[in-house]
Amino acid sequence: MCKISDSNVRVVRRSAIKIEEKQVYKGERIISLEEVERHYRADDFWAAIDGEVYDLTKFKHPGGVIMNGCAGIDATVVFSHYHYADLKRARAMIRRYKIGKLDRPSPIMGKFYEDLSVRVAAVLKGVNPRPLRGVIMFFVDWFSMVGCVILGNWMYFNDVRNPILLFLVPYMLKMFDSRMGSQAHALGHLHIFKPTSKITRILEMFMLAMGDKTTLVYELPTEWGNCRQLINQTRSESQYEFYGRRGPYEHQLIHHVKGADMDHDECKGLMSHKNILRLNDHDDYKFFHKFQKHGIYQFLVFTMSENYGLAAHFVLRLRDMGDTFQLGKYDNFFCLFIGLFFAVGVIIAGVLLPFRNLWSLLVIHLMQLFVPPLWFVFYAQHDWGSHVDEATADSDWGRHNAETSMSFWGADARNSWHPLFLGMGGANGATLSYHLEHTLFPGINYLLLPKIAPTVEQVCKEHNVKYNKLESFDELKKHFRDNLKSNSRPPLKTE
């Protein structure tokens, strides 16, 4: 049971809400978003969709617990995301639960998104929404990472000095650690198992116990309801409710709903390495940004994050324990505590072990010159220099969220060899490739994104929506370096 009670904001507004409830427009009750916000539990569940308010307390949703994250919020965007293929049917199912109209406009998905949804649904008609390959790759990556940690620790404590093993095991561990983060993303979006399957929650707990640093970001909502109290606020507020600017199901309900507001996007914070890289012209300028146009600066930044980011496992676990304790989610707290010990094992195998041989250590650092590192590929997710305020984005959600995203076509033969894409047909569980498609349809399995990408590109063209496409690592490298160079100059002083 969550320890958070109604916030002071909700309590203070109650008297005003009672007055608002009496307002009537053309025979319909007008309900404020503040009133909707008070009904955030599974046993007292209201949600706004397309400007209408529904009491869904007694509605048996076929998607299971994932629905609880929508309690007490305007769920228009999430509703459209997960019902793109059967929107009319989904609306018909909840029609009888309508209790009034919302006192303000809901986000408008737009004509582009409506047309695209129909076309994408046609492409995927009859296709298995959860390919078996996704399940297989999940467990292959999982057991491979655990195997690397066990082998690496055995090598460390048995003083193994073989230079090939001292390179290979830590390097593979870094790759499988990245791939497990990708699998956590796929798990949270229900790409791997059905929403009603208990195995998703069980695997989330196992991943917390094995020290995965991203699982909580994608964690499914709790059985009792929605524990995010600032979810209806602007992204500049809702993004900062929990430590580390993330917290429970932040990814599904903030990143994918308010995604066009890039200035407060935590993924942008990660990509910029907390402003070590300046990604657009309205980011704060520091003296060291003038060096970011140079390859050696970029190499050092990526080397530190790629090769020593594993050391953050322990610190991130402590941060996440703070979040889970605050929420009273003691099962997660216990799993995270176990994860501290696994995190130590990851650090030993991935960070300390290579120092046994300086040649192995050197080769690990130089590998990013030949194999693009995680953070370089991560850059292909969005047009980080763009920014659309929420009010504008909500006037045509599909258009603006497409134009602030990117699609790296990983299935191209020039790209599918990369370790982050191997075995996945050029796709990736974290949608490092085809991220534009994932932004628009987060419920579609990542393995199916290459299949819909040509359709998305075509519909963008028909609606005059900018489709940001990268087809090779060379294109990505040029785009990345051009952006860093253009933002390495100090902003022009205005009178």
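User: Why does K478 count as exposed?

Analyst: K478 has a relative accessibility of 54%, and the word exposed is kept for values over 50%, with buried meaning under 20% and partly exposed the range in between (1.4 Å probe, protein chains only), so K478 counts as exposed. This is a predicted model, in which local features need pLDDT of at least 70 and side-chain atom pairs count only at pLDDT 80 or more, while totals for chains, interfaces and linings use all residues. Residues are numbered from 1 along each chain as its sequence is written, and side-chain values use heavy atoms, with hydrogens and water left out.

User: Which residues do salt bridges that share partners join into one network?

Analyst: The network consists of R201, E204, E219, K329 and D331. Within it, the side chains of E219 and K329 form a salt bridge of 3.0 Å, N to O. This pair links distant parts of the chain, with E219 in the loop between α10 (215–218) and α11 (235–238) and K329 in the loop between α15 (312–327) and α16 (330–352), 110 residues apart. E219 and K329 are both buried. The whole structure holds 24 salt bridges.

User: How do you know that K111 and D115 are separated by about one helical turn?

Analyst: K111 and D115 are four residues apart in helix α6, and therefore the separation is about one helical turn. Their side chains also meet in a salt bridge, at 3.2 Å from N to O. K111 has 54% relative accessibility, so it counts as exposed, whereas D115, with a relative accessible area of 24%, is partly exposed.

User: What makes α6 roughly antiparallel to α22?

Analyst: The axes of helix α6 (residues 110–123) and helix α22 (residues 449–462) come within 10 Å and cross at roughly 150 degrees. That angle makes α6 roughly antiparallel to α22, because angles over 145 degrees count as roughly antiparallel, those under 35 as roughly parallel, 65 to 115 as roughly perpendicular and the rest as oblique. The axes are lines fitted to C-alpha atoms, for helices over the stretch in contact, and the angles run from 0 to 180 degrees between N-to-C directions.

User: Which residues in α6 and α22 meet?

Analyst: F112, L116, R119, V120 and V123 in α6 meet K451, I452, T455, V456, Q458, V459, C460 and E462 in α22, where contact means heavy atoms within 4.5 Å. The residues of this contact divide into eight nonpolar, two polar and three charged (nonpolar: Ala, Val, Leu, Ile, Met, Phe, Trp, Tyr, Cys and Pro; charged: Asp, Glu, Lys and Arg; polar: the others, Gly among them).

User: What is the angle at which helix α8 and helix α17 pack?

Analyst: Helix α8 (residues 163–188) and helix α17 (residues 358–366) pack at about 35 degrees, with their axes 8 Å apart. P163, L166, F167, P170 and K174 in α8 meet S360, V363 and I364 in α17. The residues of that contact divide into six nonpolar, one polar and one charged.

User: Why is T439 called buried?

Analyst: T439 has a relative accessible area of 5%, so it is buried. T439 sits in helix α21 (residues 435–440) and touches H81, H256, H382, W397, N401 and S405, not counting residues up to four places away in sequence.

User: What is the phi of D159, which is not a glycine?

Analyst: D159 has a positive phi of about 55 degrees. Most residues other than glycine have a negative phi. D159 is found in the loop between α7 (132–157) and α8, and at 41% relative accessibility it counts as partly exposed. N275, also not a glycine, has a positive phi of about 75 degrees and lies in the loop between α13 (266–271) and α14 (295–308).

Note on methods: Helix = DSSP H or I, 4+ residues; strand = E, 2+ residues; numbered from the N terminus. Salt bridge = Lys/Arg side-chain N within 4 Å of Asp/Glu carboxyl O.
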